[in-house]
Amino acid sequence: MAFDSLNKGVLVHSFSDSSGCVMLNSATGETLSIELQSEELQIKIKEYICMPQDIRATSDIASLYKKRFLVL
Amino acid sequence: MVSDFYLDLHPFSFKVTTRIPQVLTNLQTIYGKKLVKYDGQLCSYELSVGKASGVRRVIRPQARFMCDQKEPFKPLSLQKSYAFLEWGMNWTIAANEVQHVIIHSAVLAKGDKAILFPAPPGSGKSTLTAYLAHNGWRLLSDEMALIIPGTNTVVPFVRPICLKNQSIDIAKKLFPDGQFSDIAKDTHKGDVIHLSPPQISWDAGKENAELVGVVFPNYTANTDLQIYQLDKRQAFMQLVDNAFNYSVLRGVGFSTLANVIEGVKTFEIFHNELAEVKDFLEQEVITGG
Amino acid sequence: MDNINVSLVIDLYKKPLKTKALSLSQWQKIILVLRHHQLLARYYQRFVQTGVFDFLPEYCRHHFINGDVIAQNQKIQVEFEAKELVDALKGRVEYLIFLKGAGYSLSDHPVGNGRVYSDIDVLVDKPSIVNVERQLLHHGWMPESVSDYDDKYYRKWAHEIPPMRQSKRGTIIDIHHNIVPPISGRAPNVSALIEEVIHTNDGYAILTPAAMTLHSIVHLFFNEDMKNGYRDLIDIHMFMSKDADKNYWQTLLKLAQDTGFEYELFLACRYVTRIFDTEVPDYITVALAKCEPRNIKLLDFMFTKVLTPVHPYASPSFFLMAEFFILVRGHFLKMPAHILIYHLISKGCISITCALLGKHFFEKELKQP
């Protein structure tokens, strides 16, 4: 499950009206709003992990990593 | 002059000390029988508003607010001293209380079903709040909604409604028999007045309610009633923006608000007719599947 | 209404079972005193550790839990701030050491649990200070508003540049390059302290427990404002109690000798023993005995009053006089006489102005509710 790559203390909630997800990084206190649904988000995270390092910066998911929501 | 008073404002209680006559008069108008002489009752916090010292005492008199030995704000002009006490009370709770998720929002209930009305200044929220409170709804709070963590349950914290600028005249026309405080002029929010909610709100002051809706009201002149269903993700982020202690509560705050949003209907409305809003809320939000 | 006094508040820490005998009316006052001294969380930890917390009245438990939640949140926050600071200042400083409350939180010493503080204190090398200020400005830290006079005092005479505030988060950082003002002629050779640096599991540089103790002692007994005196004394008591083995005491004594602060260590041991019955090894007491000054009785009078949880509900008599003496002494310790006189006179004018025009006259920032 791609959510295994989430940092310790990161919480995710996917809304039942399919409007997207919200994530909290408990360590930094930052809350993010993401238009993707849970399954789509997990796919994107998996893609990001598998990307060669030099093109990772172009991915939308790069900011999740920068803000320490993800660990690789 | 007796200067120590006790206010039981469930779920908190306060010892209030003041020698400023205007403050005492306003406290009596707003809180009525709830304001009693302090006689050693157990309180959550001790507050005081008194005259500032030094030359200021005579030339341009000022009031100081203290929460026990702490003075969180610079003094304000004496004319604003009652409003200062109310704001100070809000600050005291927001700064110290972390066992509820506290939202900067009005919350009112019809029976035991409640709706949150978070709103930035200028949205006309307080006029709507005052209207509902005088028309069959009960006020749980005007500015601080207390949600029990992990639930959709709101605990009442009944206090006066804070009205600003144009809302003041509207409210005085709508509720000619209302218990209004003096107007505090030229505050950072403009002119401000406090209105005590009707007796039914005070009488039901210990009865919790379940949230069934989160509604973002916007008063817009010359507009028919427009209702937009907000998607839950947006509603959640707006609620987070309006939460006092979200950053302290972290995971608990996040989970609680996510579950609240899941369990309620979420709307943004644009209106200029209070009665229309009331009908919409009663027919579509409080009742209905 | 039942009264309380400072001895009772101190006793509750030393002998938590005494909580059983208190009335709600006494508790209300005690909680006010503890909140004022930012000690709700500290006492909460003590009561939980000693098994008395669950037997306290609901009224008390509510306020203690509030204090603890706030303290836990602060601990998480400082870990975040530390990471941000390390990232921002990487390569621009020779060293970045977290001191006092922030240092305690980052360590795994129990003194960090339940400790609440307003600012993050760090020690950097003096040549890097200008760079540090500049780099922090880039990252949204702004100089905290102080009067022009205090700004000069900070930069020219004191051992700090004025505090900086993170504009988005509101956190305040105090950047030091030594622990006392160089102008006092007693600023220790910082290298003696740098040798006492360890790294936490997450790689943050903090002082060893012995060095943290000495720093706390110097801060307390050099401090002009003893408002947090009782809280700081509890910290020292905790350092001297938990895992305080022979190595700790020997390091502490040597550090005090090397930096020229044996006298302050003498005072600390004396008062922590008197107030908390802390167990200080005999050989330490003997080694420091030579530091006892002639006016020890006056110092005893002052410090035993001031190093207590003072509050209008619990104030010992003669408190105001004791604090005034310490304030003057604090100033005196920090700078040579002629500079002190200039400083006091200027400050004196400020005090008189404040007395006439109200305490807020000099504050630049307007804070509205």
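Two residues count as in contact if their C-beta atoms, placed from the backbone, lie within 7 Å. This is a predicted model, where local features need pLDDT of at least 70 and side-chain atom pairs count only at pLDDT 80 or more, while totals for chains, interfaces and linings use all residues. Residues are numbered from 1 along each chain as its sequence is written, with chains lettered from A and ligands numbered from 1 in the order in which they are written.

**Exercise 1.** Work out what share of the contacts in chain A with a separation of 6 or more comes from residues 24 or more positions apart, and check the radius of gyration of chain A against a compact globule.

Solution. Start with the contacts: 35% of those with a separation of 6 or more in chain A join residues 24 or more positions apart. Next, get the pattern along the sequence, which is β-β-β-α-α-α; helices (H or I, at least four residues) and strands (E, at least two) are DSSP runs, numbered from the N terminus. Now the size: the globule rule is 2.2 Å times the number of residues to the power 0.38, with the radius taken over C-alpha atoms. The C-alpha trace of chain A spans about 35 × 25 × 20 Å along its principal axes.

**Exercise 2.** Find which strands pair with β1(C), and in which sense.

Solution. Two strands pair if DSSP finds at least two bridges between them. First, β1 (residues 96–99) runs antiparallel to β2 (residues 119–124) of chain C, with four bridges; C:L96 stands opposite C:V124 there. Then take β7 (residues 205–207) of chain C, which pairs with β1(C) in the parallel sense over two bridges. In that pairing C:I97 has C:A205 as its bridge partner.

Last, look at the faces. In a regular strand, side chains alternate between the two faces of the sheet. A residue is buried if 20 or more other C-beta atoms, placed from the backbone, lie within 10 Å of its own. On β1(C), C:L96 and C:F98 on one side and C:I97 and C:L99 on the other are all buried, and both faces are covered.

Notes: Buried ≥ 20, exposed ≤ 12 C-beta atoms within 10 Å, placed from the backbone.
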